[in-house]
Amino acid sequence: MTAKMPAPVVLDGRVVRLEPLTLGHVPDLYAAGRDDAEVWRFSPRLFPAAEEGMHRHVAGLLARPLTTQFAVILKETGRAIGSTAYWDVAGFDESVEVGSTWYARAHWRTGVNTDCKILLLDHAFALGFNRVVLRTDIRNLRSQAAIERIGGVREGVLRRQLRRPDGTWRDSPLYSVLDDEWPAHRARLEGRFAALLSSGGTGS
């Protein structure tokens, strides 16, 4: 079990700001994720098809113990475009998980995910965690590639780890980044991110 979960805090990046998730973010989040089932295709939760559904989704996240939930704010607009979180990791000392991450599809491959992960991993390792864990659905090849791009090492697959909303079992590839591995990965990501921003191109 994680000895002490990170406290809610604002993390300021280049293109996004992470701030503690509240029910006040619901309208923005519903606008970001509505009418796009692809955003929720691999989520272990049901697609929030109405704003009340997004309200229930956010309320459920906030009620979960041993998590620190964030809204992902696009700095250019000041609007929430997704959410992410730290989770407790049972069975591993001094480890924390980054998960429950989603973004509006317009912000896929725009640098948002790279900026978020730099903020979250920087903060976790600065707090003294030695290991950051990431998991995803085995069918979600896009997410697995994104985790590998930030330096995640695949440790194995948790078989039948979660029930999907349709009742099928989800196998979950398990990745990690260690504190002493992160500086090299961070330097590589920063280089790619700087080039992305200067060119106005797209990225992960």
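Q: Helices (H or I, at least four residues) and strands (E, at least two) are DSSP runs here, numbered from the N terminus; where does that put Leu66?
A: Leu66 is placed in the loop between helix H2 (51-63) and strand S3 (67-74). Keep in mind that this is a predicted model, in which local features need pLDDT of at least 70 and side-chain atom pairs count only at pLDDT 80 or more, while totals for chains, interfaces and linings use all residues. Residues are numbered from 1 along each chain as its sequence is written, and side-chain values use heavy atoms, with hydrogens and water left out.

Q: OK, and what is phi of Leu66?
A: Phi of Leu66 is near 55°, which is a positive value in a residue other than glycine. With a relative accessible area of 39%, Leu66 counts as partly exposed, where buried means under 20% relative accessible area, exposed over 50% and partly exposed in between, using a 1.4 Å probe and protein chains only.

Q: Which loop holds Glu94, and what is its phi?
A: Glu94 sits in the loop between strand S4 (79-88) and strand S5 (95-103), and its phi is near 50°, again positive in a residue other than glycine. Its relative accessibility of 47% makes Glu94 partly exposed.

Q: Back to H2, what span should it have?
A: For the 13 residues of H2, 1.5 Å a residue gives 18 Å, and the end C-alpha atoms are 18 Å apart, which agrees; the expected span is 1.5 Å times one less than the number of residues.

Q: Which residues of H2 are buried, and where do they sit around the axis?
A: The buried residues in H2 are Gly53, Met54, His57, Val58 and Leu61. They cover an arc of only 135° around the axis, which puts them on the same side of H2; the arc is that of the directions from the helix axis to the C-beta atoms. On the face turned away from that buried side, H2 carries the exposed residues Glu52, Arg56 and Ala63.

Q: What do the buried residues of H2 pack against?
A: They pack against H1, S3, S4 and S5, where contact means heavy atoms within 4.5 Å.

Q: How do H1 and H2 pack, then?
A: Helix H1 (residues 26-33) and H2 pack at an angle of about 115°, with their axes 9 Å apart. Axes are lines fitted to C-alpha atoms, for helices over the stretch in contact, and angles run from 0 to 180 degrees between N-to-C directions. H1 passes H2 in a right-handed crossing, and the contact is made by Val26, Pro27, Leu29 and Tyr30 of H1 together with Glu51, Met54, His55 and Val58 of H2. On handedness, a crossing is left-handed if the near helix is turned anticlockwise from the far one by less than a right angle, and right-handed if clockwise.

Q: How many residues of H1 are buried?
A: Six of its eight residues are buried, so H1 is mostly covered; the buried ones are Val26, Asp28, Leu29, Tyr30, Ala32 and Gly33. H2, S4 and S5 are among the elements that cover them.

Q: Changing topic, how long is H5?
A: Helix H5 (residues 182-199) has 18 residues and reaches 25 Å from its first C-alpha to its last, close to the 26 Å expected at 1.5 Å a residue. Trp182, His185, Leu189, Glu190, Phe193 and Leu196 are buried in H5. Seen down the axis of H5, these buried residues fall within an arc of 135°, so they line one face of the helix.

Q: What covers the buried residues of H5?
A: The covering elements include helix H3 (112-126), helix H4 (141-149) and strand S8 (169-178).

Q: And at what angle do the axes of H3 and H5 cross?
A: The axes cross at roughly 155° and come within 11 Å. That makes H3 roughly antiparallel to H5, given that angles under 35 degrees count as roughly parallel, over 145 as roughly antiparallel, 65 to 115 as roughly perpendicular and the rest as oblique. The crossing of H3 and H5 is left-handed, and residues making the contact include Ile118, Leu121 and Phe125 of H3 and Trp182, Leu189 and Phe193 of H5.

Q: Last one: is Val16 buried or exposed?
A: Val16, found in strand S2 (residues 16-20), is buried, with a relative accessible area of 0%. Not counting residues up to four places away in sequence, Val16 touches Leu11, Val72, Ile73, Lys75, Val112, Asp115, Cys116 and Leu119.
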